Amino acid sequence: MLHRALLLIIPQVVSSFSVRPPSSHFKLSASQQLAMSTTSTDSWESLKTAASNTPVGAALDEESVSRLEGTGAAFVQNKLRMFDANERPKLTLYRDHAGWCPYCQKTMLLIEEKRIPINIELVPMRSYGDKPESFLRIVPSGLLPALMVETNDGRKQVVTESQVIMELLDQWHPVEDGYKQMMPSEDDTGGIQRYRQLANLERELFSWWCTLIFRPEGPGFGSPGMLGKLMGQSSDTAMSGAMAGFLECLEKVDKALSSTAGPWFFDFADHPTMIDFIYVSHVERMLASAAFWKGLDLRSNEYSAKFPALNAWLEAFEKRECYLAFKSDYYTHVMDIPPQYGPGYDGGFESERLSYQKSISGKDESEWKLPLSFDDNLQPLYKGPPLPLCVLKAAGISGDNGKVASEGTSYEKAEPDKMEEACRQMAGWKLAGNGENVAKFAARGGPNGSRNPRKGFGAELADPYAMSDEQLIPSVEATLQSVCRVLLAQGGPSSHDAALTEMKENLQSQISKDQSRDVASALVYLRDRVGVPRDLPLASARQLRAHLNAAIDVLN
């Protein structure tokens with residue numbers, strides 16, 4: 001089994017990528033931005049200003065203010081959602097900090113779709129950090145998600161279990177009060193029966209997924225079976241029972257979706273409903289784990305043709321900005337799944353599996369390396385908005401429907417150079433916003449870093465109490481400032497290429513040979529802990545990873 005030695009930035013350190021207040025907008029020319037010093041202690045402030053002087057950065061500055069007020073777009077680390085409310089909500093949802101928990105994800109999707117005003121508190125999962133005592137006093141079990149309800153007389157009650165929370169939130173915010181319908185109406189006996197059948201089918205699919213991924217896969221049967229024959233398999237390429245069972249269950253799901261006129265499980269609404277949210281958070285994890293541990297790419301042309309309704313359903317979700325806010329990438333999922341569910345077992349289609357594992361973990365030459373391809377080989381980036389709509393609007397990027405920053409459409413025909421620059425600049429804005437802390441965090445990867453005086457966690461490289469290599473921090477900081485400058489380059493491919501060349505020259509002249517490999521190790525430590533969606537959406541995170549690799553290659 002492939003060694004699972006990589007993990008993501010744990011929440012206690014994610015302050016390194018936290019939202020910052022907007023900088024003052026002083027206009028600098030491109031040459032002035034490229035000439036800014038990388039050695040002074042205030043150069044992060046200069047880079048913040050440079051980031052804010054890009055259209056993307058200015059839009060994100062404004063969006064950050066809106067998020068603090070609870071009025072911005074969906075975002076995985078929002079602490080307040082006001083929507084149309086005038087008073088501070090009396091509901092508080094406790095959810096995981098890193099965006100790993102599927103039950104927190106489906107709860108948040110319901111909240112966003114119904115536009116329920118709510119306070120949000122972010123809490124670590126046990127697999128990557130200690131839960132604060134203040135939370136444990138409220139929820140002694142430590143379970144996430146948890147909902148605290150403040151009554152009119154000041155009393156506070158706590159509810160756990162995501163399904164219970166979702167049903168209560170739906171009941172408390174009915175259609176009569178202007179909220180979207182999430183369940184069949186009480187007099188719709190057929191709809192209620194269908195809902196129960198679909199809920200049972202979801203549990204069946206979950207069971208087959210666990211059997212396929214988290215248990216050693218048995219040998220294939222001599223006969224490929226009905227589904228195997230449908231897929232053109234012979235007895236020489238027969239599937240295991242677990243693989244066949246999983247795919248046959250997916251066929252049932254596809255059939256259930258194809259029975260409606262729209263992409264969703266129910267036709268009574270033109271939006272996803274409760275049962276869609278119940279499915280999607282685990283289906284998202286099934287896509288990643290099946291590709292990584294079994295060589296099964298359910299988004300490929302082959303499987304899209306075999307499960308057309310399932311893929312239309314996924315694409316319909318991907319066209320919604322609120323789903324992008326909580327959607328992870330395959331790398332993040334294959335790192336966060338084992339601490340929660342147990343180790344995944346290699347099996348399935350070996351040649352594809354080996355190729356996908358390299359691609360997902362950034363170990364081949366086509367991923368996480370410049371120049372990046374427009375789209376990802378395994379994870380479609382442009383079936384919907386790949387970046388927040390405010391970023392797409394600022395960058396003037398049109399969807400395939402011809403409208404700028406439009407939700408509900410794909411972006412597969414977007415101008416590649418314009419899209420790449422927007423993705424880069426979002427990563428640069430995020431890095432500039434807390435660069436000093438990012439550098440300290442990355443320095444844990446130095447030879448005298450990662451000394452953990454406390455304890456370890458289930459997530460293999462989660463180290464919230466690790467120490468930085470103090471002597472290495474200045475060199476790491478200078479390197480990250482050079483990387484940030486390249487990410488923020490404006491003016492198209494030629495300006496980016498010039499900035500990349502200058503970065504390489506700066507690193508060769510500024511970083512001493514006796515420190516270069518240590519700094520490279522620090523950047524590897526950071527690169528492997530960039531999490532989606534917590535740090536950035538995938539379209540932007542892949543730019544950050546690739547630019548860190550460009551610096552690593554120079555240093556090595």
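**Notes on cavities, helix packing and the sheet**

1. A cavity here is a set of points on a 1 Å grid over the protein atoms alone where a 1.4 Å probe fits but cannot get out; its volume is the space filled by probe spheres set on the points, which are joined across faces, edges and corners. The model is predicted: local features need pLDDT of at least 70 and side-chain atom pairs count only at pLDDT 80 or more, while totals for chains, interfaces and linings use all residues. Residues are numbered from 1 along each chain as its sequence is written, and side-chain values use heavy atoms, without hydrogens and water.

2. Two or more lining residues come from each of α10 (274-294), α12 (308-318), α13 (321-324) and α22. Helices are DSSP runs of H or I with at least four residues, strands runs of E with at least two, numbered from the N terminus. The lining has 14 nonpolar, three polar and six charged residues (nonpolar: Ala, Val, Leu, Ile, Met, Phe, Trp, Tyr, Cys and Pro; charged: Asp, Glu, Lys and Arg; polar: the others, Gly among them).

3. Six cavities of 30 Å³ or more are found in the whole structure. Of its 19 lining residues, R67, F75, P388, M426 and P537 are the closest to the centre. At least two lining residues each come from α3 (55-69), α13 and α17. This lining has 14 nonpolar, no polar and five charged residues.

4. Helices α17 (416-433) and α22 (538-555) pack at about 75°, with axes 8 Å apart. Axes are lines fitted to C-alpha atoms, for helices over the stretch in contact, and angles run from 0 to 180 degrees between N-to-C directions. The contact (heavy atoms within 4.5 Å) involves E420, C423, R424, M426 and A427 of α17 and A539, S540, Q543, L544 and H547 of α22.

5. An open, mixed sheet has five strands in the order β1-β3-β2-β4-β5; strands pair if DSSP finds at least two bridges between them. β1 (80-81) and β5 (156-160) are at the edges with a single partner strand each, so one side of each lacks a neighbour in the sheet. β1 runs antiparallel to β3 (118-123), joined by two bridges; L80 has N119 as its bridge partner in β3.

Technical notes: On a 1 Å grid over the protein atoms alone, a cavity is a set of points where a 1.4 Å probe fits but cannot get out, and a pocket is an open set with protein on both sides within 12 Å along at least five of seven lines; lining residues have an atom within 4 Å of a point.
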